[in-house]
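Trainee: I am new to this structure and would like to be guided through it. May we look at it together, one question at a time?

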Amino acid sequence: MDIIITIIYYCLVAFVSAVLIYNFLKTKDWQKEVLTIIVVLPFLLRLFMLK
Amino acid sequence: MTPLIRKLILGFAGLALLVLSGISFYQSRRLKEPVVVSDGVTQVVTLSKYFSGIEGTANDCNIYILEGKEPGATFCILGGTHPEEPAGRLAAWIFAENAVLQKGRLIVVLSANRSATTVTRVGGAYPPDFAIPTSWGEQEFRLGDRWSNPLDQWPDPEVYIHYPSGQYLAYVDVRNLNRCWPGRANGTLTERTTYAFMEMITAEKVDLVIDLHEAELQYPVISTIVTHEKAQDLAAMVSMTLTDMEGFKMGMEFSPKNLHGLSHREIGDHSDAASLLFEAPEPFLDATRGKTTREQLLTGKDDFVVKAGKHGLLFEKIDSSGWPIDKRVGRHTSSILQTMASWSEMHPEKPLVCDSIPRYADVVARGLGRYLRNPAQARPGRIWYE
């Protein structure tokens, strides 16, 4: 059961990362671009199992 | 600047941050800590020898076994239950690198929750590692955290329900090794780790388990031995002798019967072994501390904690000299040696006699680094890594 929950969790992390990267590419506001880059970093670090 | 160029610049900046921070986290998680085992170490095995369910995980830690020439009692020293309480790990390190048993057996664990040694507290601004000066250079250690690494066990539940008591505990303590005893074979990584230790305690016929810790000065359970009722007489004798003879105060407290998951309660309840937990003071853990630096960790000096003491908020004394790591480690080595001596007096048919370990005064006078051995001079087959 624990392993299934963990897999779902990593799927969620991947989904949120993808949405953030999509928003980064779509937005035309430079402040939102900077914000998105900062926000996506911890998600990617977790997704790649670095932190 | 066109939006495309701006996005490219920001994207590369983010990628650079990801790579640099990723390398830093990766390296600190894998920092190798050498252990040059003493001549008294007769076997080194891994925890999975006792429970295969832990094999290949971050918590399949090394178990150092020392055997005396004559039979006697078997003690187990657990270091690294909470790695961010380094005096416990370092005291166990001194035993693994220096101890020679005359009578009985000693099982030493340096990274009881190895996963927790590979992460630091989120938002705590902890340094990832620290170094102890020695005559041959510095030896680096991972600092670690109180809880298993979220990379090894995640997510946490809303409420942690302890097994087998059913008691509700704080959600984060589902990754706290000292809230997961006695564990279960099909549980979380942390529960499987304590289960494996319980299997080890049974298989090796351990008589006494000593779990080494440190505590913040604002926590009432400090400078004390917490004892299961099986070891009350022993703990009382050790507490009185240390306070009278060693130059530092050591109290004694009973393990609460209705507080579950802790080593001093569950090991005694679920095995033939008795269990003790030792606490030394560590200002680094205090909520009112100043900068969370390596220097603060090792010197135990902190003006803010001293100020808290002046306002009567502490349960242990502190002044401008702080609580250096040598004092904290020395308290643990003396406490263990005194436990062995008092045990042997109370159980002459089953003694435990250990040589070559410094007492409190020796560690304070000569420094902890004096008792760490140079890995460059280790004989083949006598060096291991945590």
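Mentor: This is a predicted model, in which local features need pLDDT of at least 70, side-chain atom pairs count only at pLDDT 80 or more, and totals for chains, interfaces and linings use all residues. Residues are numbered from 1 along each chain as its sequence is written, while chains are lettered from A and ligands numbered from 1 in the order in which they are written.

Trainee: What covers the buried residues of α4(B)?

Mentor: Helices (H or I, at least four residues) and strands (E, at least two) are DSSP runs numbered from the N terminus. A residue is buried if 20 or more other C-beta atoms, placed from the backbone, lie within 10 Å of its own, exposed if 12 or fewer, and partly exposed in between. Two residues are in contact if their C-beta atoms lie within 7 Å. The cover of the buried residues of α4(B) includes β11 (224-227), β12 (251-254), β13 (274-281) and α8 (325-346) of chain B.

Trainee: Which residues of α4(B) are buried?

Mentor: Helix α4 of chain B spans residues 232-245. On the other side of the helix, D233(B), D244(B) and M245(B) are exposed. The buried residues are L234(B), A235(B), V238(B), S239(B) and L242(B).

Trainee: Why do the buried residues of α4(B) line one face of the helix?

Mentor: An α-helix has 3.6 residues a turn, so residues three or four places apart point the same way. The arc is taken from the directions from the helix axis to the C-beta atoms. Seen down the axis of α4(B), the buried residues line one face because they fall within an arc of 130°.

Trainee: How many residues of α2(B) are buried?

Mentor: Helix α2 of chain B covers residues 86-98. It is largely enclosed by the rest of the structure, because the buried residues number 13 of the 13.

Trainee: Which residues does A280(B) touch, not counting residues up to four places away in sequence?

Mentor: A280(B) lies in strand β13 of chain B. This residue is buried, with 28 other C-beta atoms within 10 Å. Its contacts are A87(B), E214(B), S223(B), R328(B), R331(B) and H332(B).

Trainee: Which residue stands opposite V45(B) in β3(B)?

Mentor: Two strands pair if DSSP finds at least two bridges between them. Strands β2 (residues 41-46) and β3 (residues 62-67) of chain B run antiparallel and are joined by five bridges. Opposite V45(B) stands I63(B).

Definitions and conventions
Expected span 1.5 Å × (residues − 1).
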